[in-house]
Amino acid sequence: MNAVAIPTGETGGGTHRFPADKPLRLDSGALLSPLEIGYKTYGALNADKSNAVLVCHALTGDQHAASTHPTTGKPGWWERVIGPGLPLDPDRYFIISTNVVGGCMGSTGPGSLDPTTGKPYALSFPMITIADMVRAQAMLVEALGIETLFAVVGGSMGGMQVLQWAADYPERLYSAICIAAAARHSAQNIAFHEVGRQAIMADPDWRGGAYEVQGVRPEKGLAVARMAAHITYLSETALQRKFGRELQRDGLSWGFDADFQVESYLRHQGASFVDRFDANSYLYITRALDYFDLAGSHGGVLAQAFLRARAVRFCVLSFSSDWLYSTAESRDIVRALNAAGCRASFAEIETDKGHDAFFLDEPALDSALRGFLDSNAEKRGLA
Amino acid sequence: MSGPLRDDFREILRLVRPDARVLDVGCGEGELLEVLTREKNIDGQGLELSAEGVGACLARGLAVVQGDADRDLDHFPTKAFDYAILSKTLQQVRDPKHVLSELLRIAERAVVSVPNFGHWRVRMALITTGRMPETQALPEPWWSTPNIHLCTLRDFTSLCADLNLRIDSCVSLAPGKPPRQIDAAAPIENWRAETALFLLSRKAEPEPAPPAATKADLFS
């Protein structure tokens, strides 16, 4: 996890280690040092450094947005959008994707070594917030020598980071794209996360978070957390269409095997997730999401968060069948942007695929992204 | 854009000042905003209900919000725009009085066009057939028309008076005929005008509107 630091400005990415005199100031008041940020870049930064795009990942995503995942060997999570001829074309943009602070793919997180003890932080890792993630990204962007991002783009938790960018660093943004997100976590959102956390903590192998030093992993708990969460990413229609009441084998087992295909699917989702994700990171990041309330941190008025972002061009997109972060949540964001006098576009994309539509084949999403990005790139003078 | 401009668009293009901030309510695929941007260098924002329209606007690089006049105007701050445009749509909203009032809260001026139900053809159609008129301007039968709040020129001018709005300009539009400046209050025009396009402003200072922050409370 402690990879070699890559010199600033080099394309391709790696892990950027900040010097000890540049700690990350956390919302909790704690200082995180040394800070490392794992990141990937696609494309090249142009001469006037005006073509940088930051892509923010969702809860269980990472920096491998458009390249093969080193652990799973699977394609990057947004290869449908990032690539030659696609809306985010590396021939045109310098695309940066970072692993969030608190994550487990190269950025400092609960699995990193605590310099004061020489052991993994585990639960002594400080609580982090969405704003902390964004602050760390801003530090990396600055370290890469980029003053202004052409765009910051993200879905789900990535979309929340986009909103936080607009609130905290509007002068460093030309445009912002927020997909299938919300400006705060609802009671239902928090409730589902709590189920996941309790599943992890109920696993005897969690060991109060200190599983790593004891050579075990709370795989069962983390898998259950993933299974519960995965249901929220799909619409009822999509789940029914995909599985219905189809059985795995001929006939019922008259027991508790995975008789139904949907059970087998969820078990597979859980089992494959534990190979690539850290349980404590899951606890910390879900907590950061629960703590997210952009209006709450701006006097209870969401529009206040965007008052300084009037020069930023916003695009907010939602999916009609997303019940995790519904269209109503996106509308609230758009109304606040309007109330703040920001320039905002908003479209609800008709789909029955639920929250996960943002990773899936959704031509309407592609064309909305392409239209917004292309027209702004033209205004910005990007070839 | 190719082809001739819609007659109301040509008039709107004439009315709007260069470099203005413009909200086009019911902007469709963004044709008008595109022309205004190109010809008048406006800073435009569209509001459109249909997904196809919104997609087309995005592809044209226009700022567009998917939403409708009844529900979404309330969330724009006061005097956010120089012009709010509502072309051939007022008769389709649930609460035309509120929408009209909101247009002139969020913009200094409103450009509103309405089909005139007092036009002689409409009146004759009703008298002679005894059925809901279907005309060039109002082609659908009663059971499928989106026009749920039709009005005559007189109805409209009287609503403007109720809302303390000033009619700065009124043009009569008819397909194939040149636009004609008219006196909207003249009784004869309530027979002659097929569609009327108004430039409206507030007569006096509007009552102090609630601050943006209070509006925002609703959705924070």
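Tutor: We may begin with overall size, for which the radius of gyration is taken over C-alpha atoms and compared with a globule rule, 2.2 Å times the number of residues to the power 0.38. Because a compact globule of 383 residues would have a radius of gyration near 21 Å, the 20 Å of chain A agrees with that rule. Please note that this is a predicted model, in which local features need pLDDT of at least 70 and side-chain atom pairs count only at pLDDT 80 or more, while totals for chains, interfaces and linings use all residues. Residues are numbered from 1 along each chain as its sequence is written, and chains are lettered from A and ligands numbered from 1 in the order in which they are written.

Student: How many helices and strands does chain A have?

Tutor: Helices (H or I, at least four residues) and strands (E, at least two) are DSSP runs, numbered from the N terminus. Chain A comes to 10 helices and 10 strands, and its C-alpha trace spans about 65 × 50 × 40 Å along the principal axes.

Student: What share of the residues in chain A is buried?

Tutor: A residue is buried if 20 or more other C-beta atoms lie within 10 Å of its own, exposed if 12 or fewer, and partly exposed in between, with C-beta atoms placed from the backbone. In chain A, 52% of the 383 residues are buried.

Student: Which domains are assigned in chain A?

Tutor: Domain bounds come from an automatic or database domain assignment. For chain A, this gives domain 1 (13-184 + 294-380) and domain 2 (188-287). Their centres, taken over C-alpha atoms, are separated by 25 Å. Two residues are in contact if their C-beta atoms, placed from the backbone, lie within 7 Å. On that basis, 26 residues of domain 1 of chain A touch 22 residues of domain 2 of chain A.

Student: How many residues does each chain bring to the contact between chain A and chain B?

Tutor: Chain A brings 26 residues and chain B brings 22 residues. On the side of chain A, at least two residues each come from α8 (302-305), α9 (327-339), β10 (343-349) and α10 (363-380). The most come from α10(A), with seven residues. For classes, Ala, Val, Leu, Ile, Met, Phe, Trp, Tyr, Cys and Pro count as nonpolar, Asp, Glu, Lys and Arg as charged, and the others, Gly among them, as polar. The side of chain A that touches chain B has 13 nonpolar, seven polar and six charged residues.

Student: What is the radius of gyration of chain B?

Tutor: It is 17 Å, which agrees with the value near 17 Å for a compact globule of 220 residues. Chain B has nine helices and eight strands, and 45% of its residues are buried.

Student: At what angle do α1 and α2 of chain B pack?

Tutor: Axes are lines fitted to C-alpha atoms, for helices over the stretch in contact, and angles run from 0 to 180 degrees between N-to-C directions. Helix α1 (residues 7-15) and helix α2 (residues 31-40) of chain B pack at about 35 degrees, with axes 10 Å apart. From α1(B) the contact takes B:Phe9, B:Ile12 and B:Leu13, and from α2(B) B:Glu31, B:Leu32, B:Val35, B:Leu36 and B:Glu39.

Student: Why does B:Phe9 count as partly exposed?

Tutor: B:Phe9 is placed in that class because it has 18 C-beta neighbours inside 10 Å.
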